[in-house]
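Trainee: I would like to learn how to read single features in a structure. Can we go through a few of them?

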Amino acid sequence: MNNYIPNEVKDLTTSKQRVMRNVVNEIENTSRKSKHKWKYVVISAILTISAMLFVFNEIFIKNEQQSATEVQLDFTKPTFSEEQGLLYLHGVTLGDSQSKVIERLGKNYTIDDYEDGSVADFILDYDGIARFYFYQDKLDLIIFMKVDEIYFDKLFNEYDGFKFLTSSNNNDRYFYSRETGQLLKATIIPNGDLYLYLMHGGKDLLENPDFPKIEQVFD
């Protein structure tokens, strides 16, 4: 039997304390890093959700505006305006693209590919009372049918641009742009409905011998 007895037993308390401190420090550092990592994860999630909500909100607003436009438009009372010699009905004018007309008037339309006497490539029809004729992808003619006559009377009287009547039919009234040659004609058809036609009259319309003689000018 070995009867060796060490002369001195080392005090390991200091070493144990150092090891414990190292372990505690490591745990604290790991916990601190985890907290920072979670903080970044939370911030990233918030930013992602905010971006998604922003996109959804923009889409919702656009759809609401589109729906509101379609509901508010009254084709029996088309709004009229003039900008730089261009005549506008419900915000569209001759030369506009199909996409611009649809953006302004909405998607509640049907497409006609043919109409007797028309050279149009296709026609957008809204509710059977507003028709938009396209030739070579550009709006070439606009017709509004069953227009409110009292509404147009007021519009005609208040318009301060060039307007006139013709000797052929005093029921026909015209707005004319000398600058662009655009012509807006209002006429009452045999059944009593008032029709509006926005067309290309030509810059030399007033000198055209084939055009009905102008009876009365308001300028």
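Trainee: Which residues does threonine 93 touch, not counting residues up to four places away in sequence?

Mentor: Keep in mind that this is a predicted model. Threonine 93 touches Leu86, Leu87, Tyr88, Leu139, Gln182 and Leu198. The residue is found in the loop between strand S2 (86-89) and helix H2 (98-105).

Trainee: Is threonine 93 buried or exposed?

Mentor: Buried means under 20% relative accessible area. Threonine 93 counts as buried because its relative accessibility is 2%. A polar atom of its side chain lies 2.6 Å from the backbone oxygen of leucine 87.

Trainee: How is a pair of aromatic rings described?

Mentor: By the distance of the centres and the angle of the planes. The structure holds 16 aromatic pairs. One of them joins phenylalanine 75 and phenylalanine 144: the centres are 6.1 Å apart, with 35 degrees between the planes, and the pair is tilted. Phenylalanine 75 lies in the loop between helix H1 (13-72) and strand S1 (80-83), and phenylalanine 144 in strand S6 (residues 138-147), so the pair ties together parts that are 69 residues apart in sequence. Both residues are buried.

Trainee: Which residue in S8 is the bridge partner of phenylalanine 164?

Mentor: Tyrosine 174 is that partner. Strands S7 and S8 (residues 173-176) run antiparallel and are joined by three bridges. Both faces of S7 (residues 163-166) are covered, with Lys163 and Leu165 buried on one side and Phe164 and Thr166 buried on the other.

Trainee: Where does the charged end of lysine 163 sit?

Mentor: Over the ring of phenylalanine 156, 5.0 Å from its centre. The charged end of arginine 173 also sits over the ring of phenylalanine 156, 5.5 Å from its centre.

Conventions
Residues numbered from 1 in each chain as written. Predicted model: local features only at pLDDT ≥ 70, side-chain atom pairs only at ≥ 80, totals over all residues. Heavy atoms only, no water. Buried < 20%, exposed > 50% of the residue type's maximum accessible area, 1.4 Å probe, protein only. Helix = DSSP H or I, 4+ residues; strand = E, 2+ residues; numbered from the N terminus. Pairing = 2+ DSSP bridges. Polar contact = N/O pair within 3.5 Å; in protein donor to acceptor, adjacent residues only side chain to side chain. Contact = heavy atoms within 4.5 Å. Phe/Tyr/Trp six-rings, centres within 6.5 Å; stacked < 30°, edge-to-face > 60°. Lys NZ or Arg CZ within 6 Å of the ring centre and 35° of its normal.
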